[in-house]
Amino acid sequence: MAILEILKYPEPVLSRVAPPVNNITGDTVKLLNDMLDTMYAAPGIGLAAPQLGISQRVIVLDVNHENPHKQVYKLINPVISRAEGSVIWEEGCLSVVDFTAEVRRAARVEVTAFDENEKEIKIEADGLFAVALQHEIDHIDGKLFIDRISRLKRDLYTRRRKKMLRTGVVPPADNARILI
Ligand code: NI
């Protein structure tokens, strides 16, 4: 178990499509556990392997942030097998410093994935859980939530982020926010 560094936009690995996991090994199990530790420490309710610089289709989630460790999902090669309806949610991301925005997503999704025991599982989700699943699956497809907002808003953020990196002045973390 280890807490790893979460990479921030614009790290190139965050924009790369991650290849699927072909063999679930002890390394995969260790990665899933390290991802959970890192997610809880952040704190966040979801994390994808590319955020740790590991380009693999692996995500973890625990959206019940008031009762952590009760509803833990460790998903390998997750795929959205059904999507219905539409919802707008204010999203933030552990890899996007100091920015949130409203994003339109499917309101309900069914996700098929493998767990760490190579068992195929099917998950039905709505509300925050559905949003978080779509947000994490975006991560393994090399997409951030800022790729789903207007170009104007994204450009404003990109400029602000460049200034942060240039000046070294990063606003303090707002722990009241739920980050996906
Ligand atoms: Ni994220």
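Hi everyone, let's start with valine 109, which sits in strand 6 (residues 108–114); strands here are DSSP runs of E with at least two residues, helices are runs of H or I with at least four, and both are numbered from the N terminus. Before going on, please keep in mind that this is a predicted model, where local features need pLDDT of at least 70, side-chain atom pairs count only at pLDDT 80 or more, and totals for chains, interfaces and linings use all residues. Residues are numbered from 1 along each chain as its sequence is written, and side-chain values use heavy atoms, with hydrogens and water left out.

Is valine 109 buried or exposed? Its relative accessibility is 3%, so valine 109 counts as buried; buried means under 20% relative accessible area, exposed over 50%, and partly exposed in between, with a 1.4 Å probe and protein chains only. Leaving aside residues up to four places away in sequence, valine 109 touches several others, among them Ile80, Arg82, Ile123 and Leu133, where contact means heavy atoms within 4.5 Å. Valine 131 is 22 residues from valine 109 in sequence, and their C-alpha atoms are 8.7 Å apart.

Now to the metal. Which atoms coordinate the nickel ion? They are Cys93 (SG), His135 (NE2), His139 (NE2) and Ile180 (O), at 2.1 to 2.4 Å. Donors are N, O and S atoms within 2.8 Å of the metal (3.2 Å for Na, K and Ca), and water is not among the atoms, so sites may look incomplete. Cysteine 93 belongs to strand 4 (residues 87–93) and histidine 135 to helix 2 (residues 127–140), so this pair ties together parts that are 42 residues apart in sequence. Both cysteine 93 and histidine 135 are buried.

Last, the largest pocket. A pocket is an open set of points on a 1 Å grid over the protein atoms alone, with protein on both sides within 12 Å along at least five of seven lines, and lining residues have an atom within 4 Å of a point. The largest pocket has 22 lining residues, with Lys8, Ala42, Leu94, Ala173 and Leu179 nearest its centre. Strand 5 gives the most to that lining, four residues.

Methods: 1 Å grid on protein atoms, 1.4 Å probe; cavity = no way out; pocket = protein on both sides within 12 Å on 5 of 7 lines; lining within 4 Å.
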